[in-house]
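Here is a walk through one structure, taken piece by piece. Please keep the sequence and the model in view while reading.

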Amino acid sequence: MPTKLMTVLLVAGLACLAAFRLIGSDVDENGILREPFFLLPIGSLLVLVGFAGLAGMAVSRLLRRLSG
């Protein structure tokens, strides 16, 4: 279960980052920048948590195999 959860978090983070790139940004006629900035920190956080979780689980499995 935790492996699936971490994989989902990683994929969701990558989807947020890809959505930011696909949506893009533009400047409207009043000179205001319009961009989906909220996707950057959310996507980065999800990727970081997903990757750290998967790496942590891999290290714990490796240590379990080596110890017994």
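**A charged pair, then the helices**

R34 is partly exposed, because its relative accessible area is 45%; buried means under 20% relative accessible area, exposed over 50%, and partly exposed in between, with a 1.4 Å probe and protein chains only. The model is predicted, so local features need pLDDT of at least 70 and side-chain atom pairs count only at pLDDT 80 or more, while totals for chains, interfaces and linings use all residues. Residues are numbered from 1 along each chain as its sequence is written, and side-chain values use heavy atoms, with hydrogens and water left out.

The partner of R34 is D28: their side chains meet in a salt bridge, 3.2 Å from N to O. A salt bridge here is a side-chain nitrogen of Lys or Arg within 4 Å of a carboxyl oxygen of Asp or Glu. Side chains of opposite charge can pair when their charged atoms come close. The structure holds one salt bridge.

D28 sits in the loop between β1 (26-27) and β2 (33-34). Helices (H or I, at least four residues) and strands (E, at least two) are DSSP runs, numbered from the N terminus. D28 counts as buried because its relative accessibility is 19%. A polar atom of the D28 side chain also lies 2.8 Å from the backbone nitrogen of I32.

Next comes helix α2, residues 39-67. Its 29 residues reach 42 Å from the first C-alpha to the last, close to the 42 Å expected at 1.5 Å a residue; the expected span is 1.5 Å times one less than the number of residues. Which residues of α2 are buried? They are L39, G43, G50, G53 and M57. The cover over the buried residues of α2 includes α1 (2-23).

L17 belongs to helix α1. L17 is partly exposed, because its relative accessible area is 25%. Beyond its neighbours within four places in sequence, L17 is in contact with L39, L40, G43, S44 and V47, where contact means heavy atoms within 4.5 Å. L17 and G56 are 39 residues apart in sequence, and their C-alpha atoms are 23 Å apart in space.

V59, in helix α2, is partly exposed because its relative accessibility is 47%. V59, L62, L63 and L66 make a nonpolar surface patch of about 420 Å². Patches are made of residues with over 30% relative accessible area and no salt bridge, with like charges joined within 9 Å and nonpolar side chains (Val, Leu, Ile, Met, Phe, Trp, Tyr) within 5 Å.

How values were computed
A polar contact is a pair of N or O atoms within 3.5 Å; within protein, one must be able to donate a hydrogen and the other to accept it, and residues adjacent in sequence count only if both atoms are side-chain atoms. Accessible areas come from the Shrake-Rupley method with a 1.4 Å probe; for residues, only the protein chains shown count as cover.
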